[in-house]
Amino acid sequence: MQRRYISIWFRHLLADWQLIRRPELKEVPFVFAAPDHGRMMVTSVSQLAAEHDITPGMSAADAKAICPGLEVLDDKVGRAGKLLKGLGEYCIRYAPIVAIDEFSMDGLMLEVSGCAHLWGGEREYLKEIVSRLKSKGYTVRLAIADTPGAAWAVSRFGKVTPLVASDGHVETLQLLPPEALRLEETTLSKLRKLGFYQIRSFIGMPRSVLRRRFGEAFLLRLAQALGTEEEVLQPLRQPVPFRERLASLEPIKTKTGIEIAITRLLEVLCKRLQTEGVGLRSGLLTAYRIDGKIVQIAIGTSGASHSVGHLFKLFELKIDQIKPALGIELFELEALKVDSLEVPQEILWNSKAGLNNKSILQLIDRVSGKLGAAAVRRYIPEAHYWPERSAGKARSLTELRLMNWNMDKPRPTELLPRPEVIQVMALTPDHPPKFFIYKGEQHQVVKADGPERIEREWWLDAGEHRDYYRVEDASGRRYWLYRSGHYGANQSFQWFIHGFFA
Amino acid sequence: MEAKLEILNKLRQDLLLWQGFKPAEGEAAQCVGLGEIEAAFPAGVFPRKAIHEFICATPDQTAATDGFIAGLLSVLMADGTGCVWISTARRLFPASLAAFNVEADRIIFVDVRNEREVLWVMEEALRCEGLAAVVAEVDSLSLVESRRLQLAAEEQGIPAMIIRKDPKRLVAGVSTARWKISPLPSSAEPGMPGVGFPRWRVELLKVRSGNPGCWTLEWEADRFLQVPEQKVFVQMVQRKFG
């Protein structure tokens, strides 16, 4: 396919940006200046200042002499780059590959091969971009051509039309000045000295002659403009291998519309994932709104999946978070993380065994998608006697337990998250309680087991050991009580209730 | 005489059908180890496509209910399937379930913030195939919500067990069975010290197309054991030295 490139030139990038922020400057000519060798030098000018023949590179004092009402503002290094980056991200809605114009730092380069027809032709496409950027407050000049170099040249110096027809760029370049080739100042002055005021006067010269006179860099720029040398754009956003875009004809505002968009994107993406034998682990849906805002929702799965139905359900839970405002014009679905898919062996009978079941995995995905991954827990036995630590959280649904659950000591089915203090009457030194008061109710202990001493794990925390008793009161209720610390006259000890037995 | 009995049984079966009770299809009706209690259910089968409500007024009743449910789960999960346990303020101690023959690592605990979320997760889980049971701790459950859960439970045939800790907020639902489990004094072997096997009074307050009743049940190492009423005797204070 014929490559097409657009060059966007922001004529007064910084000035326009300043005007958006401070509209009161509209009537005042102003310049940006930065200190250079002890002098304030003009770095960029507003439209009004340009009309007074003030150009970048002048000293601020000279500029003020030309135009007494001139406002001089401070320029910051890297501000233009930052602005261009933001504008470039905005322009991703027009083409996937957007690059900052590194040569002059006042424009963008878009590779738009196969994009223009979506807007109904190149003319409408250019019109759309110009009017959109204009409505934002930027005056721009655009050109579309077969090579980035030609597009750059026409956008800055073209006088006829911004639309360079396919294969027409060589002809168009003929009449442009040599500055249009993005050359160094030394080369340009040399060209001027030799009387080359238009590209056509040297374009037909033998390469060896040109190289001897102007060097290799000049030839490269010429070749890039003519298209004999490939020019690679550095895209602002590296294309992700699994990314699908869906532009909508009209802005989408309804939930149904968003659902349809997600399904369409998933269908294409899942097909690609399937052919490559991978599944999605985390996905990101980006919605570009008509007012320039970007809304994103992310999903994650516990296992690689390329099932449209399942992934759609995960997105469906979060559709409410997308605020369409005036409407969404572009959807982008991206698989941020993919994993190779374990293809399960086909089974004749649906065996129910285990948690590693597709439908359970999907259930977990839905639950953790809606309520957060922390809501879902699974416990495996851990090598700790300390009750609070005896059941550890499993990291995944498939993590196997390394040991069996300990069964030799009784454990209560209900464990209080924090042991509660009780009043106890017990014989010394290690008899079980005879009687205890919990929440104002008196319990007469009839049967008891214990004590079971559990020492603190000193390498984890410090404190007293616990002596646990399983007791049953007169009405048959069973409790797990413990005494913290040794029993002794000069020692402080306390009784706690820690759980309820079945 | 025998012919009469046959007719009578046939009539009973038909009556159940007319009442809307469908007998278990396909796989043979399995017992859940409840022994005599199962006779109280329609056609003598523990209803699986159903909501079982457990009423608990006090923490010790909740603990007993946990034990009883764990006993049921040990049978339901015997084929290696998993279970989902949903709650807002969970106090169930996973390490205790081993005593009831349940591998706690096959239970997925879902801890949520409010009851709305409990119901949402429960419905999703009931519609998921490959689970043995879904247990949820819910206090308030309206008729509409319970109806939704009942429909979801019928879809995959997964029993839904609801633990209700607040009997004040009890309203009529469509639950198939309503249980109340309360602890009873245990009895150790005569002459043995200490606390015996967990023993409960199991009250089946309500069961659709069945006969409510009251039983005394004990969990003996790995199965339920029904205790005849007269066997309950009071023991003296005894203790065991650890």
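Biologist: How many residues does the contact take from chain B and from chain A?

Modeller: Chain B gives 50 residues and chain A gives 51; two residues are in contact if their C-beta atoms, placed from the backbone, lie within 7 Å. This is a predicted model: local features need pLDDT of at least 70, side-chain atom pairs count only at pLDDT 80 or more, and totals for chains, interfaces and linings use all residues. Residues are numbered from 1 along each chain as its sequence is written, and chains are lettered from A and ligands numbered from 1 in the order in which they are written.

Biologist: Which element of chain B gives the most to the side that touches chain A?

Modeller: Helix 2 of chain B, with 8 residues. Elements that each supply at least two residues there include helix 2 (59-76), strand 3 (107-111) and helix 3 (115-126) of chain B. Helices (H or I, at least four residues) and strands (E, at least two) are DSSP runs, numbered from the N terminus.

Biologist: And how do the residues on that side divide into nonpolar, polar and charged?

Modeller: 25 are nonpolar, 12 polar and 13 charged. Ala, Val, Leu, Ile, Met, Phe, Trp, Tyr, Cys and Pro count as nonpolar, Asp, Glu, Lys and Arg as charged, and the others, Gly among them, as polar.

Biologist: Which strand of chain A is joined to strand 3 of chain B?

Modeller: Strand 12 (residues 376-377) of chain A, through 2 bridges, running antiparallel. A:Val376 has B:Val110 as its bridge partner. Two strands pair if DSSP finds at least two bridges between them.

Biologist: Switching to chain A. What is the strand order in the open sheet of 4 strands?

Modeller: The order is 5-6-1-7, with antiparallel pairing. Strand 5 (97-100) and strand 7 (140-145) of chain A are the edges, each pairing on one side only. Strand 1 (residues 5-10) and strand 7 of chain A are joined by 6 bridges, and A:Ile6 stands opposite A:Ile144 in strand 7.

Biologist: What lies across strand 5 and strand 6 of chain A?

Modeller: Helix 4 (residues 79-91) of chain A, running at about 170° to strand 5. Axes are lines fitted to C-alpha atoms, for helices over the stretch in contact, and angles run from 0 to 180 degrees between N-to-C directions.

Biologist: Back to chain B. How many helices and strands are there?

Modeller: 4 helices and 10 strands. Of the 242 residues in chain B, 45% are buried, i.e. 20 or more other C-beta atoms, placed from the backbone, lie within 10 Å of the residue's own.

Methods: Buried ≥ 20, exposed ≤ 12 C-beta atoms within 10 Å, placed from the backbone.
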